[in-house]
Amino acid sequence: MTIVIVGAGLGGLRTAQELRKQGYDGGLVLVGDEPHLPYDRPPLSKEVIRGEREDTTFENEEYFAENRIELRLGVAVVRVDTENTMLELADGSTLPYDQLVIATGLRPRRVPSLPDLDGVHVLRSRDDAESLRRDASAAARAVVVGAGFVGCEVAAGLRHLGVDVTLVEPQATPLASVLGSDVGELVSRLHRDEGVTVRTGVGVDTLRGTERVTHVVLSDGTELAADLVVIGIGSTPVVEVLEASGVTVDNGVVADAYGRTDVRGVWAVGDVAAWDHPQHGRRRVEHWSNVGDQVRVMVPALLGKEPAAPRPAVPYFWSDQYDVKIQALGSPSADDSVEIVEDDGRKFLAYYVRDGILTAVVGAGMAGAVMKMRAKIGQPT
Ligand SMILES: Cc1cc2nc3c(=O)[nH]c(=O)nc-3n(C[C@H](O)[C@H](O)[C@H](O)COP(=O)(O)OP(=O)(O)OC[C@H]3O[C@@H](n4cnc5c(N)ncnc54)[C@H](O)[C@@H]3O)c2cc1C
């Protein structure tokens with residue numbers, strides 16, 4: 001029996017670890033296209049950008065040897081042949097499997113119409129972070145395009161380095177599509193208070209510069225001088241390996257509430273996976289804690305120890321911006337009705353309600369108040 005995991009990120013690593021923890025003793029191969037040992041991504045937009053940490057590797061090589069997890073790093077899987085239960089790798093080799101886990105994550109969206117200039121960055125990988133960190137240490141003026149979590153965290157990190165930052169967001173506020181505009185406005189205030197120029201309701205038209213970027217031209221015609229540009233406009237699931245495999249892909253790898261796809265022996269986990277959720281229907285979640293929650297449900301099912309019904313954990317995610325930790329418990333939606341229950345001008349607490357049910361609690365610098373609401377999530381208000 002051989003279980004092969006495609007993608008050596010958080011989902012791939014956690015799946016391998018849980019398989020061993022649950023007593024799986026057979027062959028276990030983790031294939032990753034990056035040359036690095038599995039590493040943690042959240043610090044990339046926080047400590048790594050600020051220059052406080054370089055290495056975010058989870059486990060060293062000895063760990064993998066001791067746990068008999070065979071690593072195939074620096075080589076991409078290019079095709080999944082589900083008929084012959086075989087993978088084709090970029091180095092021309094093949095790899096047979098009995099069970100296959102897809103954990104290929106996301107790749108950052110780019111704007112194809114923008115010219116390819118030095119000083120323009122996206123942030124997903126360790127290599128992205130190292131390159132951004134190098135440029136950031138010499139930058140004076142940065143434009144961050146997109147005020148999602150990564151954009152907001154990068155803006156905060158650059159301010160920490162003393163860089164002059166403009167945050168450009170086409171929606172009405174930062175984080176509007178995730179947390180709604182009431183809470184988004186409070187996040188905007190946090191950035192303004194830290195000296196960030198927040199430009200909302202406007203997009204990017206083009207970039208100027210010869211080799212290196214010098215200016216960002218906004219859709220309203222404004223030209224912003226910049227020696228560093230970070231594009232943080234979201235990410236898309238990495239699913240090409242499944243082309244012609246028979247596995248259904250629809251904004252991610254479609255899977256049931258255990259991670260099982262519609263092709264026997266193929267599973268999907270992490271940011272790339274669009275799992276069926278008992279309460280929310282099919283959804284793809286791009287947060288760290290979700291990976292562990294999914295692995296704990298998927299691995300017993302993969303080993304044939306299926307529980308009677310999946311018991312989804314209360315979702316959790318966080319984002320660190322300046323000295324403030326924004327935390328969300330539950331599943332906030334931008335169109336929930338939002339009540340700001342505390343606001344001291346910097347820290348805040350908000351309740352999200354839909355159809356009379358508390359869907360989520362979001363706090364900034366309010367860890368205790370958020371966590372003590374755990375049992376109330378999903379209950380009538
Ligand atoms: C900068 C940044 C900051 C973040 N901060 C937070 C945070 O504060 N809070 C939070 O909750 N979440 C945060 N996240 C999200 C969290 O890191 C992700 O949810 C988590 O990494 C998902 O793990 P994954 O294994 O699904 O994907 P990934 O970690 O992306 O791993 C997928 C791996 O598969 C590899 N791969 C892709 N295709 C192939 C192929 N064909 N063959 C072989 N390998 C392949 C990729 O290169 C990658 O190494 C952050 C993410 C980023 C990028």
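1. Is Glu 306 buried, partly exposed or exposed? With a relative accessibility of 39%, Glu 306 counts as partly exposed, where buried means under 20% relative accessible area, exposed over 50%, and partly exposed in between, using a 1.4 Å probe and protein chains only.

2. On provenance, this is a predicted model in which local features need pLDDT of at least 70 and side-chain atom pairs count only at pLDDT 80 or more, whereas totals for chains, interfaces and linings use all residues. Residues are numbered from 1 along each chain as its sequence is written, and side-chain values use heavy atoms, with hydrogens and water left out.

3. Glu 306 lies in the loop between helix H7 and strand S22 (316-321). Leaving aside residues up to four places away in sequence, Glu 306 touches Tyr 258, Arg 260, Pro 300 and Ala 301, a contact being heavy atoms within 4.5 Å. Gly 27 is 279 residues from Glu 306 along the chain, and their C-alpha atoms are separated by 21 Å.

4. The chain holds 8 helices and 26 strands, which are DSSP runs numbered from the N terminus (helices H or I, at least four residues; strands E, at least two). Its radius of gyration is 22 Å, close to the 21 Å that the globule rule gives for 381 residues, so the chain is as compact as a globular protein of that length; the radius is taken over C-alpha atoms, and the rule is 2.2 Å times the number of residues to the power 0.38. Along its principal axes, the C-alpha trace spans about 60 × 55 × 35 Å.

5. Of the 381 residues in the chain, 51% are buried. Among the contacts in the chain with a separation of 6 or more, 58% join residues 24 or more positions apart.

6. Helix H1 (residues 10-21) has 12 residues and should span 16 Å at 1.5 Å a residue, which agrees with the 16 Å between its end C-alpha atoms; the expected span is 1.5 Å times one less than the number of residues. Because 10 of its 12 residues are buried, H1 is largely enclosed by the rest of the structure. The buried residues of H1 include Leu 10, Leu 13, Glu 18 and Arg 20.

7. The partners of those buried H1 residues are strand S1 (2-6), strand S2 (27-32), helix H3 (61-66), strand S7 (99-102) and helix H7 (288-302). Just after H1, Gly 23 takes a positive phi of about 90°.
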